[in-house]
Amino acid sequence: MIAEPDDDGRAQSVVAERGPTVLRIALGGQLRRLRESKSISREDAGESIRGSHAKISRLELGRTGFKERDIRDLLTLYGVIDPEEREAFLDLARKANEPGWWHRYSDLLPSWFSTYLGLEQAAGKIRTYEAHLVPGLLQTPEYAKAVLTLGTDDADTDRRVAVRQRRQQLLFRPIEPPIVWAVIDEAALQRPVGGAAVHRKQMEHLIELADVPNITIQVLPYSAGEHAAAGSSFSILRFAEPELPDIVYLEHLTSALYLDRRQDLAQYLSVMDRLSVQALPPEKSIDMLRKYATER
């Protein structure tokens, strides 16, 4: 299944930390390998579960939940008849279908953002460029509240802030925290969101985070001039599981785009690499953060 017997306990801890999305990815990958080992097409597999090849593709990429009946039928088609082996697959499917921590906030979160939270929790590396604000994963509660109340301030504001704080726990999880590499435009540092005191505390928080081993922060200064991502914030998520390609995430006010086509990924990776070269090195970026922390 996911790991060799000697590594099973650690593997289960890893996937538990990374949430149900990574379980779906792992199970989907195993089902794909079983299908390919039997030289069965996606079309034939889809017919066996009263679906299409597209449904098999979504299952194998971990992009949808699993019905126990479908898993049983696929295992039978793939020649998995040992009761213990079948039960191991079914148990993994049940765990993969369990809701993530963000489920309790489903009344606040649009479906497109819930999808992102699952991917973010599962990612092994997160690279992000932010043109206007400090990235959400790096925001203080006060800064986050100021951002979230720009559009509306209602009784759910504190819960929205709680979602952002809960997201940030992945930065410090004890087992395999993701590598986070953030490039922040100097414009975001100059904008005093929430007022001088909130802004200063946010700058100090970024300086502290820069000391965390799995976090790299770079500032893209005005002096860098024009750049390929002008005005367009985005994130690139990379996963340890080879079954899932990198995903580019672009968020809008009321929706988001998830790009995984090879040509799109190549373009955004190229832009991110160029931004990282144009940005100040991490040490000089900290110097600029200190400057903005003391200026106001």
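**The contact of α2 with α4**

Author: In this predicted model, R24, G28, G29, L31, R32 and R35 of α2 meet I56, L59 and E60 of α4. The residues of this contact divide into 3 nonpolar, 2 polar and 4 charged. Helix α2 comprises residues 20–37 and helix α4 residues 53–60. Their axes lie 7 Å apart, and the two helices pack at an angle of about 125°. Angles of 65 to 115 degrees count as roughly perpendicular and those over 145 as roughly antiparallel, so α2 and α4 are oblique to each other.

The wider context may now be considered. The protein has 13 helices and 6 strands. Its C-alpha trace spans about 70 × 40 × 40 Å along the principal axes. Of the contacts with a separation of 6 or more, 72% are accounted for by residues 24 or more positions apart. Buried residues make up 48% of the 296 residues. The protein exposes about 14700 Å², of which carbon and sulfur atoms supply 51%.

R173 is placed in the loop between α9 (157–168) and β2 (179–185). Buried means under 20% relative accessible area; the value for R173 is 6%, and this residue is therefore buried. A polar atom of the R173 side chain lies 3.1 Å from the backbone oxygen of Q121. The backbone oxygen of E176 likewise lies 3.1 Å from a polar atom of that side chain.

Methods. Residues numbered from 1 in each chain as written. Predicted model: local features only at pLDDT ≥ 70, side-chain atom pairs only at ≥ 80, totals over all residues. Heavy atoms only, no water. Helix = DSSP H or I, 4+ residues; strand = E, 2+ residues; numbered from the N terminus. Buried < 20%, exposed > 50% of the residue type's maximum accessible area, 1.4 Å probe, protein only. Polar contact = N/O pair within 3.5 Å; in protein donor to acceptor, adjacent residues only side chain to side chain. Axes fitted to C-alpha atoms, helices over the stretch in contact; angles between N-to-C directions. Parallel < 35°, antiparallel > 145°, perpendicular 65-115°, else oblique. Contact = heavy atoms within 4.5 Å. Nonpolar A, V, L, I, M, F, W, Y, C, P; charged D, E, K, R; others polar. Areas by Shrake-Rupley, 256 points an atom, 1.4 Å probe, with all protein chains shown as cover.
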